[in-house]
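Colleague: Before I rely on any of the labels attached to this chain, I would like to hear how each one was reached. Could you show me the structure and then take my questions in turn?

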Amino acid sequence: MREKIEKLLNDYKTGKIDVDEFINELRWFPFENIEFAHVDHHRTLKHNFPEVILCQWKTPEQVKEIAKRILEKSNFLLATRANPEHFNAVKKIAKDAKYNELARTITVARGEIKKDDKKGKILIITAGTADLPVAEEAKVTAELLGNEVELLYDVGVAGIHRLLSNLDKLKSA
């Protein structure tokens, strides 16, 4: 996002665009109104990651339009609680989109995901197999944000030995 703003300023400075074009490009600051949603493009500036789309309760067409607007300004996309219909709609505008059926996520990563070694590792632990969709969603999200992630499945309290057998992983996380 910063690079895009710098390019816009340089284009104005060197005369490649005039004041009207410059102002027209800023129309999406701080958000873009697309009739049924306000797409917050400033999130990339504030958090170094674009707005995340919660697909639940949205139509496939709405998700596609929001995704299109996000990808016009960002190299990354994360959509959660997505179903195959949402994915098929996004795939029409982003051939490189990926769908994780268990996590119910749609992702696009058109650039390097920068890992921050200072963050440490995130350990996601599920009590049982019913927790897998939420755990996978958390894993996809954390990895797209540049985190190292490890999952421990089905270590519920019904069998404390299952939890204790992973004590080294728990201590290192």
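This is a predicted model: local features need pLDDT of at least 70, side-chain atom pairs count only at pLDDT 80 or more; totals for chains, interfaces and linings use all residues.

Modeller: What follows goes through the labels one by one, with the value and the cut-off behind each.

Colleague: How many helices and strands does the chain have, and what counts as one?

Modeller: The chain has eight helices and eight strands; both are DSSP runs numbered from the N terminus, a helix being H or I over at least four residues and a strand being E over at least two.

Colleague: Why is the chain called more spread out than a compact globule?

Modeller: The radius of gyration, taken over C-alpha atoms, is set against a globule rule of 2.2 Å times the number of residues to the power 0.38. For 173 residues that rule gives 16 Å, while the chain has 20 Å, well over that value, so the chain is more spread out than a compact globule. Along the principal axes, the C-alpha atoms fill a box of roughly 70 × 35 × 25 Å.

Colleague: How do you know what share of the contacts joins residues 24 or more positions apart?

Modeller: A contact means heavy atoms within 4.5 Å, and among the contacts in the chain with a separation of 6 or more, residues 24 or more positions apart account for 60%.

Colleague: Why is Glu-137 called buried?

Modeller: Buried means under 20% relative accessible area, exposed means over 50%, and partly exposed lies in between, with a 1.4 Å probe and protein chains only. Glu-137 has 11% relative accessibility, so Glu-137 counts as buried. Glu-137 sits in helix α6 (residues 132-144) and, not counting residues up to four places away in sequence, touches Thr-80, Arg-81, Ala-103 and Thr-105. Over the whole chain, 37% of the 173 residues count as buried.

Colleague: How do you know that the length of helix α4 agrees with expectation?

Modeller: The expected span of a helix is 1.5 Å times one less than its number of residues. For the 14 residues of α4 (residues 60-73) this should be 20 Å, and the end C-alpha atoms are 20 Å apart, so the two agree. Helix α1 (residues 2-13) passes the test too, since its twelve residues should span 16 Å and its end C-alpha atoms are 16 Å apart. After α1 comes Gly-15, with a positive phi near 85°.

Colleague: Which residues of α4 are buried, and what covers them?

Modeller: The buried residues in α4 are Val-63, Lys-64, Glu-65, Ile-66, Ala-67, Ile-70, Leu-71 and Lys-73. Their cover includes α1, β2 (38-39), β3 (53-54), β4, α5 and β6.

Colleague: Why is Leu-145 called partly exposed?

Modeller: Its relative accessible area is 38%, so Leu-145 is partly exposed. Leu-145 lies in the loop between α6 and β8 (148-152) and, leaving aside neighbours within four places in sequence, is in contact with Phe-49, Lys-114 and Lys-119. The C-alpha atoms of Leu-145 and Asp-116, 29 residues apart along the chain, are separated by 9.4 Å.

Colleague: What makes Arg-162 partly exposed, and which residues does Arg-162 contact?

Modeller: Its relative accessibility is 27%, so Arg-162 counts as partly exposed. Arg-162 is found in helix α7 (residues 160-164), and apart from neighbours within four places in sequence, Arg-162 is in contact with Asp-154, Val-155 and Gly-156. The C-alpha atoms of Arg-162 and Ile-93, 69 residues apart along the chain, are separated by 44 Å.

Definitions and conventions:
Residues are numbered from 1 along each chain as its sequence is written. Side-chain values use heavy atoms; hydrogens and water are left out.
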